[in-house]
Amino acid sequence: MEAKAYLKYARISPRKVQIVLDLIRGKDVATAMGILQNKPRAASELLIKLLKSAIANAENNFQMDASKLYVSECFVCPGPTLKRIMPRAKGSADRILKRTSHVTMAVKERD
């Protein structure tokens, strides 16, 4: 049994999120929370909220013990890209790609 939480359309590049997710995959939730709170990355704040949501889902929906939980899987997929234009010299334009992310996090109980 595993409890999942999703974060959709986050306005951060998937690559930036993936770097932080690799650090917490497979860790127990207390360790993962400590890593996220002490990591100076933009994705850390978003992932703290997502981890708290997954823990709450596990406790309330599946009656799991919060002290036995660990991050069983976490991954990020690219969401839709917002395309913007920045004016450049001689009437030309550069395209700015504002990337979004869909993040999934699942927690399980250790045996």
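This is a predicted model: local features need pLDDT of at least 70, side-chain atom pairs count only at pLDDT 80 or more; totals for chains, interfaces and linings use all residues.

Student: Which strands pair with E5, and in what sense?

Tutor: Helices (H or I, at least four residues) and strands (E, at least two) are DSSP runs numbered from the N terminus, and two strands pair if DSSP finds at least two bridges between them. Strand E1 (residues 2-10) runs antiparallel to E5, joined by seven bridges; in this pairing Glu2 stands opposite Lys108. Strand E2 (residues 69-78) also pairs with E5 in the antiparallel sense, over nine bridges, and Pro78 stands opposite Ser101.

Student: Why is E5 described as largely enclosed?

Tutor: Burial is read from relative accessible area: buried means under 20%, exposed over 50%, and partly exposed in between (1.4 Å probe, protein chains only). Strand E5 (residues 101-109) has seven of its nine residues buried, so the rest of the structure largely encloses it. Glu109, which lies in E5, is partly exposed at 31% relative accessibility.

Student: Is Ser44 buried or exposed?

Tutor: Ser44 is buried, because its relative accessible area is 2%. Ser44 belongs to helix H3 (residues 42-62), and Lys16 to helix H1 (residues 14-24). The two residues are 28 apart in sequence, and their C-alpha atoms are 9.8 Å apart in space.

Student: Which residues have a positive phi although they are not glycines?

Tutor: Most residues other than glycine have a negative phi. Here Gln63 has a positive phi of about 50°; it is found in the loop between H3 and E2 and is exposed, with a relative accessible area of 62%. Lys90 has a positive phi of about 60° and lies in the loop between strand E3 (82-87) and strand E4 (93-98). Lys90 counts as exposed, at 88% relative accessibility.

Student: How many salt bridges does the structure hold?

Tutor: Side chains of opposite charge can pair when their charged atoms come close. A salt bridge is a side-chain nitrogen of Lys or Arg within 4 Å of a carboxyl oxygen of Asp or Glu, and the structure holds four of them. Among them, Lys4 meets Glu2 (4.0 Å, N to O), and Arg25 pairs with Asp22, with the closest N and O atoms 2.9 Å apart. Arg88 forms another with Asp94, at 3.4 Å between the closest N and O atoms. Salt bridges that share partners join Glu2, Lys4 and Glu73 into one network.

Student: Which residues form the charged patches on the surface?

Tutor: Patches are made of residues with over 30% relative accessible area and no salt bridge, like charges being joined within 9 Å, and nonpolar side chains (Val, Leu, Ile, Met, Phe, Trp, Tyr) within 5 Å. Lys and Arg count as positive and Asp and Glu as negative, while His and the chain ends are not counted. The place of a charge is taken as NZ of Lys, CZ of Arg, CG of Asp or CD of Glu. The positive patch gathers Arg11, Lys16, Arg84 and Lys98, whereas Glu59, Asp65, Glu109 and Asp111 form a negative one.

Definitions and conventions:
Residues are numbered from 1 along each chain as its sequence is written. Side-chain values use heavy atoms; hydrogens and water are left out. Accessible areas come from the Shrake-Rupley method with a 1.4 Å probe; for residues, only the protein chains shown count as cover.
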